[in-house]
Amino acid sequence: MWIYACSAVLVLIVILDLIGVYDLYKKKWLIPYLFFVPHFPILVYYMLFVYASTLRFPIPGMVTFGFSALLFQLYTTLRLHIHKLRKNESGSIRIGILYAGRNLIHAGLLGLYLLPIWYLICFFWLPYNPYEMFYFYDLPALWVTAEVIYAVVFVWLFLLNGCLRIFFTSRNLGIGKRLLILLFMFVPLVQLYLAHIMCQAAKDEYLVAVSRKDMEAFTVEDDLCATKYPLIMVHGVGFRDLRFFNYWGRIPLILKKHGAVIYYGHQKAWATILENATIISQTIDRALTENNCDKVNIIAHSKGGLDCRYLISSMGYGDKVATLTTINTPHRGSELITLFNKLPDSLFRFITSCINKPFILAGDDAPDCYASSKQLDPEFCKQFNEENPDVEGVYYQSYGSIMKSCFSDPLLFFPYLLMCTCKGRQNDGLVDISSTKWGNFRGVLQNKYHRGISHGDMIDLKREDIKGFDVLHVFYEIVAELKRMGY
């Protein structure tokens, strides 16, 4: 009867998981599962051919137990590897696959931690070592080695499955992190760090997706962002408005979904304020003509805010601009340029000429990194602010963000540290928060977690879902508020 009871327990576990009474991925079930099941072949062999034969169990009972064990092993292995969330609160199939990958990685890591505990118990603590039965054969070490390899591969496949799911479905990883994973995925200990990166990316995406599920900004199409005047989105320094890579990430899509009419500044990546302002003026004129209106709203990021302020104040476009919203704009300059100015001028010119070269190859017309970066110097911006006062009738508002540490954004690791030595820790990696304030300052955008919000995060540059901060909803609210204000 005892062997039939064991068979019934194995079948019952399969049935209960099938009907959803319990979830095999719950830790209270997963820990004993990953402790015993990687060693199932030796356990079943021991039960059938050593223990059962000694007690002379009937053949039907042994066959029943063997069949039940095989069914249990096949079902649970497939169930875990073809894992999907029983409660996917995100409502997205992709996110479900992604987050299930995180669970698989956790299962694999848990299994790796339990393996040495199993062998310690078997070889040092049990009164009878089950592996001793292998000594009846001529090559006992080979059999033990084969069992160890089986157990390690069994657990390792969970890690592999989970990593592949996240690697191919995550939007948060980005190209840099994917390259890091490919280069170091076979390095011991580093693998644990890479697994942590992947799990964190999956968790953040899942939490953001859950928060968006019931948010009207993401679930319905309406005209809440259909402002009275068309919207001009102006990029910052070092970038262009490219056809196949949008500087603003996913932001324009969410705004257009809610009725916004969007144009892009199309100014140059490394041009002076005057040159860029001239190009933006042409975009504004075209938007006014095509929409049969007399004004536009402008949202500008980084140096784009200075380009637009010059356009409004010094080029006579104050009567054609209803609002100017600046995002992380260095209105009072960036201390990074102050540091660079301490370099010999010849060296600074050489560095900026190296930056110009790839933009020339990409088809940029005479990029001038030296002149455009000099216009971000605090001394230049002080004079610029005196010569370009706000124009009456234009609504000015500004936003800023801060990184919590140099690890908030790997791309701005060193610039953030340099900024901290100059001005303190209240910066986004390129601009101090005090420099971003202009007009009606709407506050510092950040999250309560260690991640912080960098200069690039504010325009969804890396298309990354950040826990505790939804940049798409931020821009939705900015434009929706402009509409409510009559702009």
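Student: Leaving aside its neighbours within four places in sequence, which residues is Asp364 in contact with?
Tutor: Happy to start there, and do keep in mind that this is a predicted model. Asp364 sits in the loop between helix H14 (345–361) and helix H15 (369–374). Beyond four places in sequence, its contacts are Arg240, Ala269, Trp270 and Phe359.

Student: Does Asp364 count as buried or exposed, and at what relative accessibility?
Tutor: The cut-off for buried is under 20% relative accessible area. Asp364 therefore counts as buried, with a relative accessibility of 9%.

Student: How far apart in space are Asp364 and Glu387, C-alpha to C-alpha?
Tutor: Along the sequence, 23 residues separate Asp364 from Glu387. In space, the C-alpha to C-alpha distance between them is 29 Å.

Student: Which element gives the largest share of the largest nonpolar core?
Tutor: That core has 31 residues, and Met233, Trp248 and Phe475 are among those with the most contacts inside it. Elements giving two or more residues to this core include strand S1 (231–234), helix H10 (251–257) and helix H18 (471–484). The largest share is eight residues, and the element that gives it is H18.

Student: At what angle do helix H5 and helix H8 pack?
Tutor: H5 covers residues 93–125 and H8 covers residues 190–213. H5 passes H8 in a left-handed crossing, and by class their contact has 13 nonpolar, one polar and four charged residues. With the axes 9 Å apart, the packing angle is about 145°.

Student: Turning to the sheet, which strands stand at the edges?
Tutor: The open sheet has six strands in the order S2-S1-S3-S4-S5-S6, with parallel pairing. The twist averages 20° from one strand to the next. Each edge strand has a single partner, so one side of it is left without a neighbour in the sheet; these strands are S2 and S6 (440–445).

Student: Which residue in S6 does Gly400 stand opposite?
Tutor: Strand S5 (residues 395–401) pairs with S6 in the parallel sense over four bridges. Opposite Gly400, the residue in S6 is Val444.

Student: What angle does the direction of helix H11 make with that of S2?
Tutor: H11 (residues 273–291) packs on the sheet and touches S1, S2, strand S3 (296–301) and strand S4 (321–327). Its direction and that of S2 make an angle of about 155°.

Terms used:
Residues are numbered from 1 along each chain as its sequence is written. This is a predicted model: local features need pLDDT of at least 70, side-chain atom pairs count only at pLDDT 80 or more; totals for chains, interfaces and linings use all residues. Side-chain values use heavy atoms; hydrogens and water are left out. Buried means under 20% relative accessible area, exposed over 50%, partly exposed in between (1.4 Å probe, protein chains only). Contact means heavy atoms within 4.5 Å. A nonpolar core is a set of buried Ala, Val, Leu, Ile, Met, Phe, Trp, Tyr and Cys residues joined through side-chain atoms within 4.5 Å. Axes are lines fitted to C-alpha atoms, for helices over the stretch in contact, and angles run from 0 to 180 degrees between N-to-C directions. A crossing is left-handed if the near helix is turned anticlockwise from the far one by less than a right angle, and right-handed if clockwise. Ala, Val, Leu, Ile, Met, Phe, Trp, Tyr, Cys and Pro count as nonpolar, Asp, Glu, Lys and Arg as charged, and the others, Gly among them, as polar. Two strands pair if DSSP finds at least two bridges between them.
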